[in-house]
Amino acid sequence: MSLTTGLPVERFLQTLEIVAREGKHLSYSWNSLFSQTIDAEWVRNLEHAPEIAERLEAFVSRFGRMQDTVADKLLPRWLLALAEKPGSQIETLNRAERLGILASTERWLEARNLRNRLVHEYITDPERFAEDLNLAKEYCPMLLDTFNRSRHDAITRIGLKKENLPEGLPVDLV
């Protein structure tokens, strides 16, 4: 990165690096947690399995953190790097969808509501919590894809060199 790219682009690139690290950590937690079937019985057994509970905590934290960083920092900084003024979060999400960075604002907001339930309704209803965890499993590729689309846009629209960017993230979690 050269200093001639300007502060908005530099800040975008710094945030892109942060999101890349968060995405790697989220992928690791996803693979670690979802290597087993998660159902209400699994949730009920968490009190007897502190190591699995820690994996769960890490996943929920990383799921929320990546959403927060992308929506609160990456997308507004991406717009600034494009010499656009970001608006409210919903306006920024809608603009990102129109420009092809976000697959669906509606799905993003669903994932956001899910994140809030995972954090604030933690295991009060094992059936619902298991359902929500499995929904979070399905939303993770969208988060990773949003990073990859942002990265690709940095190359195609902003004109940055691929070698100056973090590597893309695998979206097909296994």
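Predicted model: local features only at pLDDT ≥ 70, side-chain atom pairs only at ≥ 80, totals over all residues.

Me: Start with α1 and α6. At what angle do they pack, and how far apart are the axes?
Reply: The angle is about 150°, and the axes are 10 Å apart. Helix α6 covers residues 126-156, and α1 covers 7-33.

Me: Is α1 roughly parallel or roughly antiparallel to α6?
Reply: Roughly antiparallel, because the angle of about 150° is over the 145 degrees that this class needs.

Me: Left-handed or right-handed crossing?
Reply: The crossing of α1 and α6 is left-handed.

Me: Which residues of α1 and α6 meet?
Reply: From α1, they are F12, L16, V19, A20, G23, L26, S27 and W30. From α6, they are K137, C140, L143, L144, F147, S150, R151 and A154.

Me: How do the residues of that contact divide?
Reply: The contact of α1 with α6 has 11 nonpolar, 3 polar and 2 charged residues.

Me: Now α3 and α5. What angle do they pack at?
Reply: About 140°, with the axes 10 Å apart. That makes α3 oblique to α5. Helix α3 is residues 50-81 and helix α5 is residues 105-120.

Me: And how does α3 pass α5, left-handed or right-handed?
Reply: In a left-handed crossing.

Me: Which residues make the contact?
Reply: On the α3 side, V60, F63, G64, Q67, D68, V70 and A71. On the α5 side, W108, A111, R112, L114, R115, L118 and V119. By class, the contact of α3 with α5 has 9 nonpolar, 2 polar and 3 charged residues.

Me: Switching to single residues. Where is L74?
Reply: L74 is in helix α3.

Me: Buried or exposed?
Reply: L74 counts as buried, because its relative accessibility is 0% and the cut-off is under 20%.

Me: What does L74 touch, leaving out residues up to four places away in sequence?
Reply: F12, T15, L16, V19, T69 and S150. F12, L16 and V19 are also α1 residues in the contact with α6, and S150 is on the α6 side.

Me: How far is L74 from F12, C-alpha to C-alpha?
Reply: 6.3 Å, with the two residues 62 apart along the chain.

Me: Next, D153. Which helix holds D153?
Reply: Helix α6. D153 counts as buried, at 4% relative accessibility.

Me: Which residues is D153 in contact with, neighbours within four places aside?
Reply: W78, L82, I101 and I158.

Me: What does the side chain of Q36 reach?
Reply: The backbone oxygen of L33, at 3.2 Å. A polar contact of 3.1 Å also joins the side chains of Q36 and W42. Beyond neighbours within four places in sequence, Q36 is in contact with W42, I52 and R55.

Me: And how far apart are the C-alpha atoms of Q36 and I101?
Reply: They are separated by 32 Å, and the residues are 65 apart along the chain.

Me: Last one, S104. Where is its place?
Reply: In the loop between α4 (89-98) and α5.

Me: Is S104 buried or exposed?
Reply: Buried, with a relative accessible area of 15%. A polar atom of the S104 side chain lies 3.0 Å from the backbone nitrogen of R107.

Methods. Residues numbered from 1 in each chain as written. Heavy atoms only, no water. Axes fitted to C-alpha atoms, helices over the stretch in contact; angles between N-to-C directions. Helix = DSSP H or I, 4+ residues; strand = E, 2+ residues; numbered from the N terminus. Parallel < 35°, antiparallel > 145°, perpendicular 65-115°, else oblique. Left-handed = near helix turned anticlockwise from the far one by under 90°. Contact = heavy atoms within 4.5 Å. Nonpolar A, V, L, I, M, F, W, Y, C, P; charged D, E, K, R; others polar. Buried < 20%, exposed > 50% of the residue type's maximum accessible area, 1.4 Å probe, protein only. Polar contact = N/O pair within 3.5 Å; in protein donor to acceptor, adjacent residues only side chain to side chain.
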